[in-house]
Amino acid sequence: MGEAVMTTRRQADGAIVVDVRGSLDAATVDALRHALVGTLHGERPVTMIVDLTFVTFMDSMGVGALVSGFNAARETGTRFVLRNPSEFVHRQLRITGLAEMFGLPSASPGPQTYTP
């Protein structure tokens with residue numbers, strides 16, 4: 001089981017950024033899901049950016065936490081953005097058929113921000 005660190009901050013434009021570092025697996029996904037869904041319901045930002053630059057591992061439970069965040073954002077009318085998914089994360093989303101749902105291209109051109 002891995003470790004993950006999540007920090008949440010508000011940008012000057014009002015967007016909420018959730019920076020995620022480490023592994024997203026059974027030991028860490030509850031904290032991510034809580035950070036995403038709790039922030040969306042509590043603060044109702046116009047945009048939520050999930051920065052995945054430093055995510056080193058993500059299993060199906062991590063994918064599920066991102067889907068939960070995406071669905072909660074849709075319910076609150078919030079734009080949900082994945083920023084800089086690593087090649088590993090991008091591959092996991094492509095394999096599960098969810099890359100398109102998150103607005104990611106079918107192939108990873110390198111670190112960028114994609115919006116749905």
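Arg44 lies in the loop between H1 and strand S3 (47–58), and in this predicted model it has a positive phi of about 45 degrees although it is not a glycine. Most residues other than glycine have a negative phi. The residue is also exposed, with a relative accessible area of 53%, a value that stands just above the cut-off, because exposed means over 50%.

**The chain as a whole**

The protein chain has three helices and five strands, and read from the N terminus on, these elements follow the order β-β-α-β-α-β-α-β. The radius of gyration of the protein chain is 13 Å, close to the 13 Å that the globule rule gives for 116 residues, so the chain is as compact as a globular protein of that length. Along its principal axes, the C-alpha trace spans about 30 × 30 × 25 Å. Of the 116 residues, 44% count as buried. Among the contacts in the protein chain with a separation of 6 or more, 65% are accounted for by residues 24 or more positions apart.

The accessible surface of the protein chain comes to about 5700 Å², and carbon and sulfur atoms hold 53% of that surface.

**Buried residues and their partners**

Leu32 is found in helix H1 (residues 29–43), and with a relative accessible area of 0% it is buried. Leaving aside neighbours within four places in sequence, Leu32 is in contact with Met6, Val20, Leu24, Ala65 and Leu66. One of these pairings can be given a distance: Leu32 and Leu66 are 34 residues apart along the chain, yet their C-alpha atoms are separated by 8.2 Å.

Asp19 belongs to strand S2 (residues 16–24) and is buried, with a relative accessible area of 16%; the residue falls in this class because buried means under 20% relative accessible area. When residues up to four places away in sequence are not counted, Asp19 touches Val5, Met6, Thr7, Arg9 and Asp51. With Arg9 there is also a polar contact of 3.1 Å, which joins the side chains of the two residues.

Arg83 is placed in strand S4, and at 17% relative accessibility this arginine likewise counts as buried. The side chain of Arg83 makes a polar contact with the side chain of Gln11, at 3.5 Å.

| Residue | Partner | Polar contact |
|---|---|---|
| Asp19 | Arg9 | 3.1 Å |
| Arg83 | Gln11 | 3.5 Å |

Definitions and conventions. Residues are numbered from 1 along each chain as its sequence is written. This is a predicted model: local features need pLDDT of at least 70, side-chain atom pairs count only at pLDDT 80 or more; totals for chains, interfaces and linings use all residues. Side-chain values use heavy atoms; hydrogens and water are left out. Helices (H or I, at least four residues) and strands (E, at least two) are DSSP runs, numbered from the N terminus. Buried means under 20% relative accessible area, exposed over 50%, partly exposed in between (1.4 Å probe, protein chains only). A polar contact is a pair of N or O atoms within 3.5 Å; within protein, one must be able to donate a hydrogen and the other to accept it, and residues adjacent in sequence count only if both atoms are side-chain atoms. Contact means heavy atoms within 4.5 Å. The radius of gyration is taken over C-alpha atoms; the globule rule is 2.2 Å times the number of residues to the power 0.38. Accessible areas come from the Shrake-Rupley method with a 1.4 Å probe; for residues, only the protein chains shown count as cover.
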